[in-house]
Amino acid sequence: MSRIWSFQGGIHPPENKQQSLQQPLQPLSLPERLILPLQQNIGTPAVPRVNVGEKVLKGQCIADPGSHVSVFHHAPTSGTVSDIGMYPVPHASGMDALCIVIEPDGEERWAELEGIEDFRAASKKDVAEKIRVAGLAGMGGAGFPTDIKLHLSDDHIVTTLIANGVECEPYITADDTLMRARAEEVIGGLEIATHLIQPTHVLIGIEDNKPEAAMAINAAAARSPLDIEVVVVPTKYPSGGERQLIKLLTGVEVPHGQIPADIGIVVQNVGTLAAVYRAVHAGEPLISRITTLTGDAAERPGNYEVLLGTPVSHLLDEAGVDRERLSRLIMGGPMMGYTLDQPGVPLIKTSNCLIAGTQEEFPPAPPAQNCIRCGQCEQVCPASLLPQQLHWFAKGREFGKALDYNLMDCIECGACAYVCPSNIPLVQYYRFAKGEIRKEQVEQRKAEQARQRFEARQARLEQEKEEKARKRRERAEAAARAQTSRPQPAATNAGAQASDPEAQLKQLKTQAAVARTKLKKAQKALEQAEATGEGDSQALAAEVAAAQARSDALEKQLQQAQQQAQADPSKEPDLKALKVAAAVARTKVSKTEKALTEAEQKGAPSAEKLRDSLATLRAKADEAQRAFEEAERAAASGQEEDTASPALDIKALKTAAAVARTKLKKAQRALSDARETGDTEQIAEFEPQVRELEAQAEKAARALAEAEAAQPASPVEADLKALKSAAAIARTKVKKTEKALADAREKGLASADQLETALAGLRQKAADAERALQDAQPRAGAVEDA
Amino acid sequence: MTLIHTSSPHTGRPGHVGGVMRQVILATLPGLAALVWYFGWGPLVNVLWASVLALVFEAAVIKLRRRPVAFYLKDYSAVLTAVLLGLALPPYTPWWVTLVGMFVAIVLAKQLYGGLGQNPFNPAMVGYALLLIAFPVQMTQWAPPVSLSGDNPGLLATLKVIFELTPLPDAFTHATPLDTFKNKGALTQEELWAQVAGLKDSFGAWQAVSLAYLLGGLYLLVRRIITWHIPVAILFALFMVSGFFYGSDPSNFAPPLFHLTMGATMLGAFFIATDPATAATSNKGKLVYGFCIGLLIYIIRSWGNYPDAVAFAVLLMNLAVPFLDYYTRPRTYGHKKANKGIRG
């Protein structure tokens with residue numbers, strides 16, 4: 001007999017198991033229809049394989065697993081698929097879910113089943129596959145797919161296999177009945193599980209309130225070739241909790257955040273093991289289970305072999321449940337089970353018990369009183385938590401503190417609420433807090449992602465701004481350098497005038513423009529007066545004369561200033577400005593000419609004046625034109641002398657070459673078109689053109705090649721830039737892939753491995769690019785120095 | 001048939017807060033009986049008078065807070081506070097002193113904080129400490145044991161004294177052993193026992209009362225209403241420290257048995273320090289809490305201004321409870337070590 005350890009806490013609620021043990025296990029009659037939810041366990045729902053109206057045989061597979069953590073479903077009897085749709089399912093929330101409905105034909109015709117004769121001779125993979133296709137899921141609790149637990153990867157070395165026959169919740173006797181009636185199957189299943197996971201230690205834990213079951217199992221275990229230890233543990237709730245049972249039988253605690261397999265322990269419910277036996281030996285899928293029907297409202301409480309999908313109401317009727325007295329219908333035990341809103345829901349793979357309770361048996365909870373911090377909850381908590389503190393934190397929405405007090409280690413066994421003298425629904429508080437925390441975590445993840453996105457964008461914008469600023473600065477510096485490199489004027493004009501001749505010029509220009517406008521206004525007024533004969537035309541004429549004088553004086557000043565500015569050798573002749581000035585002068589001349597003809601036609605007295613001003617304007621225009629041409633010549637000669645900017649040269653040459661090429665192409669096309677149409681005139685016209693353009697393009701290309709050859713620094717620079725951007729791109733790719741990998745790992749996606757390989761390659765590339773850049777940089781530096 | 005939809009668990013252990021409180025009140029009865037036996041009707045009158053006041057104050061405040069009065073009165077917590085304060089008062093405490101004490105205990109120390117379970121300080125001890133500071137004369141006039149005064153004053157005479165219809169006769173006052181020891185001056189312990197008249201009688205009476213409290217405390221332990229941690233830690237600490245000093249200077253320091261059985265040690269250890277609302281939460285925390293109370297009792301008794309120290313020791317440690325709670329959490333299943341400190 002092996003040693004029994006103990007776990008902290010636990011309670012001894014009234015067992016209430018005798019009611020359902022008064023009669024032996026009995027089969028249940030065939031219901032009118034079977035409702036099979038596609039999701040009966042944790043994980044993802046299954047995918048239907050049959051269509052409405054299809055005939056199915058007993059044991060025929062009707063739904064395939066939707067993912068890794070999902071199971072097959074089979075038809076519990078032969079019949080017709082009458083519907084696939086939303087039906088209420090057994091769930092704490094009372095929700096609807098997708099179900100396959102089968103109408104039995106009563107013939108019970110089996111599909112062809114194939115077992116494995118000698119599982120010891122078969123490969124582990126085949127045996128595990130057999131269990132998988134039989135649709136086995138844990139029949140004690142959450143319904144985790146059995147084959148996953150029994151077919152572990154090689155990095156899980158299992159030392160201990162535990163069969164859980166504890167059944168610690170009050171009322172439930174399904175496992176007790178199973179062990180009494182089918183001890184051989186339980187041991188047979190244990191043998192298969194042992195073959196699959198090769199543990200060094202095989203244990204069965206049974207509570208001491210099931211002596212008959214323990215005896216039956218002991219007898220069966222004695223006949224087994226395996227060395228199976230049957231451990232009878234003291235009755236205490238919740239000894240049947242996986243983690244509590246492990247502590248109880250091995251003295252080891254499953255570390256926080258790990259599963260038992262991580263410490264080499266696998267726990268299987270005895271019901272699941274019996275199903276494993278049937279699946280492997282007979283190939284029989286999981287289509288029925290033992291369910292306890294009990295409670296004071298039931299006339300014939302007992303254990304029934306029910307087909308999966310049997311509506312709860314059918315079982316209630318069979319057991320003679322008095323619907324008038326029934327007040328609380330509990331799926332599962334009284335400690336952790338959930339209430340059903342309506343008896344139409346089906347029994348599923350995890351339905352071990354149904355309690356039809358009366359008002360007297362399960363009175364409504366008395367109103368909660370204040371917590372007096374008596375600490376009784378703490379004394380019974382099997383996870384060694386501080387339930388009352390968690391209650392305060394949940395109530396005050398202090399979820400951070402609740403987490404720090406390990407709220408997430410709560411198994412919701414309900415022991416704390418059971419003993420609470422203030423009748424506080426503690427478990428409800430914990431469920432609420434857990435839900436809120438999970439919600440918060442999801443929101444936090446989202447917010448974090450948004451923050452990262454935002455920060456990345458900000459950084460990018462900032463970088464772009466800096467880049468722009470840098471370029472601007474560089475341009476400004478280059479310009480300043482270019483200016484200072486020119487010879488300074490020997491003598492600058494003294495005074496403020498010289499300090500800023502440009503501003504002076506501008507001011508003068510404005511003044512002159514204002515004077516001109518005034519003059520024009522005055523002239524117009526005079527014209528009007530003359531035309532209508534109203535007003536004092538003489539006074540107006542005087543005004544015009546005065547305005548003219550002022551305007552002329554300002555014009556003169558302006559001209560002087562302009563000449564001065566032009567004479568200033570430091571001032572680069574502003575070609576553009578001069579061009580504009582010449583154009584403006586020309587326009588003025590033409591306008592005045594037009595005005596003059598008009599005036600002459602009308603015979604207005606202003607014609608004389610206009611003629612005068614036209615003469616001056618013509619002179620001005622000529623002057624402007626001359627000045628522009630001179631400046632242009634000077635600039636051309638300056639450019640010829642200027643050899644400072646070969647890069648610019650190359651660019652210009654490149655453009656020229658490109659332009660020449662384009663022109664050539666166009667001409668060629670035109671020529672070929674002409675040849676096609678046979679237009680001899682056009683051919684004659686285009687041929688010399690093309691020849692000429694060819695020569696031009698060639699010349700441009702040669703010039704470009706020469707210029708490029710003459711300039712050794714520029715390719716290095718370009719190289720460096722290209723390398724820099726290549727390295728940056730490689731880095732970005734690595735970062736992106738890293739993020740994607742992290743995401744994939746978090747979600748447990750299969751693509752993580754691929755990403756990892758890709759990441760390694762990218763990292764290599766990034767390193768290469770970085771190295772190339774580093775190599776190039778000193779080279780570039782050397783060239784610059786030279 | 002309408003089916004009830006509720007969350008698990010669907011069953012609970014019968015019993016509620018009122019039941020717990022009644023059990024504690026029941027457990028004080030041996031002590032009360034011993035007090036009445038040795039010191040006359042005074043303690044019984046005090047307890048009853050305090051209980052009436054407690055119910056009145058509690059009902060008034062609950063009414064003001066617009067809560068169901070009957071629902072809250074049925075938790076018996078106010079009556080328990082009254083019983084504990086009543087037991088701690090001198091037998092012939094004037095009625096108005098008790099009234100002030102109960103007002104402070106129920107209204108200020110308990111209800112102003114939000115009622116049962118929300119109060120950081122033990123209400124009975126807040127009331128007691130305030131009375132001790134505000135009315136030192138009334139609070140230090142303990143009665144002589146019946147064996148010394150000769151005959152037991154009748155219930156009517158006691159009532160008349162308490163409600164100040166007749167003045168307190170001299171024969172009704174007597175120093176407690178702790179008082180006597182505190183004011184022994186230059187006398188050695190041997191001289192004290194030889195010279196002070198009635199000390200031995202008084203000592204015997206107090207020992208009997210302490211034994212009665214111990215009996216009630218054991219009952220609470222058996223009924224699992226309290227855990228062993230706090231009383232054992234208090235008595236252990238007091239025993240160790242008094243033993244150490246008695247061993248080093250027997251003529252100047254009282255022996256451990258004297259400290260364990262005189263004054264309110266037993267009442268404090270089993271009934272007052274174990275008040276769950278104001279004590280430390282975890283088992284480890286309870287041990288530290290109790291040990292510190294034991295030490296403080298000895299320190300205040302030996303070097304403080306007051307002959308007894310249970311009230312002050314408990315109140316001081318009430319102050320430390322939140323801190324203790326943060327640092328004495330149990331190790332959760334599957335965790336390598338317990339979390340400590342303030343986070344989250």
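1. A quick definition before we start: a charge sits over a ring if NZ of Lys or CZ of Arg is within 6 Å of the ring centre and within 35 degrees of the ring normal. K184(B) gives an example, with its charged end over the ring of F181(B) and 5.5 Å from the ring's centre. Please keep in mind that this is a predicted model.

2. Now the two chains, starting with chain A. Chain A has 786 residues, and 43% of them count as buried. Its secondary structure comes to 22 helices and 17 strands. Chain A exposes about 42100 Å², with carbon and sulfur atoms supplying 52% of that surface. If you take the contacts in chain A between residues at least 6 apart in sequence, 72% join residues at least 24 apart.

3. Chain B is built from helices: there are 17 of them, and zero strands. It has 344 residues, of which 55% count as buried. The accessible surface of chain B is about 14800 Å², and 68% of it belongs to carbon and sulfur atoms. For contacts in chain B between residues at least 6 apart in sequence, the share joining residues at least 24 apart is 76%.

4. Have a look at where the chains meet. On the chain A side 62 residues are in contact with 49 residues of chain B. Together the two chains bury about 4900 Å², 50% of it on carbon and sulfur atoms. I372(A), R373(A) and D404(A) supply 14% of the area that chain A buries against chain B, more than any other three residues.

5. What about charges across this interface? The rule finds three salt bridges between chain A and chain B. In a salt bridge between R331(B) and E253(A), the closest N and O atoms are 2.9 Å apart. There is also a charge over a ring: the charged end of R329(B) sits over the ring of Y405(A), 3.8 Å from its centre.

6. Over all chains the count comes to 37 salt bridges. One of them joins E305(A) and R182(A), at 2.4 Å from N to O. E305(A) lies in strand β14 and R182(A) in the loop between α3 and α4 of chain A, so this pair ties together parts that are 123 residues apart in sequence. Both E305(A) and R182(A) are buried.

7. Another salt bridge to check is the one between E555(A) and R516(A), 2.3 Å from N to O. It runs between helix α16, which holds E555(A), and helix α15, which holds R516(A), so parts 39 residues apart in sequence are tied together. Here E555(A) is buried at 12% relative accessible area, whereas R516(A) is partly exposed at 28%. Chain A also has a network of salt bridges that links D105(A), E107(A) and R109(A).

8. Finally, the aromatic rings, with 24 aromatic pairs over all chains. W193(B) and F203(B) pair edge-to-face, 5.3 Å centre to centre and with 90 degrees between the planes. W193(B) is in helix α11 and F203(B) in helix α12 of chain B, 10 residues apart. W193(B) also makes an edge-to-face pair with F258(B), at 6.4 Å centre to centre and again 90 degrees between the planes. F258(B) lies in helix α14, so this second pair ties together parts that are 65 residues apart in sequence. F203(B) counts as buried at 16% relative accessibility, and F258(B) is buried at 1%. Elsewhere, ring pairs link F244(B), F245(B), F253(B), Y298(B) and W303(B) into a cluster.

Technical notes. Residues numbered from 1 in each chain as written. Chains lettered and ligands numbered in written order. Predicted model: local features only at pLDDT ≥ 70, side-chain atom pairs only at ≥ 80, totals over all residues. Heavy atoms only, no water. Helix = DSSP H or I, 4+ residues; strand = E, 2+ residues; numbered from the N terminus. Buried < 20%, exposed > 50% of the residue type's maximum accessible area, 1.4 Å probe, protein only. Contact = heavy atoms within 4.5 Å. Areas by Shrake-Rupley, 256 points an atom, 1.4 Å probe, with all protein chains shown as cover. Phe/Tyr/Trp six-rings, centres within 6.5 Å; stacked < 30°, edge-to-face > 60°. Buried area = accessible area lost by both parts, 1.4 Å probe. Salt bridge = Lys/Arg side-chain N within 4 Å of Asp/Glu carboxyl O.
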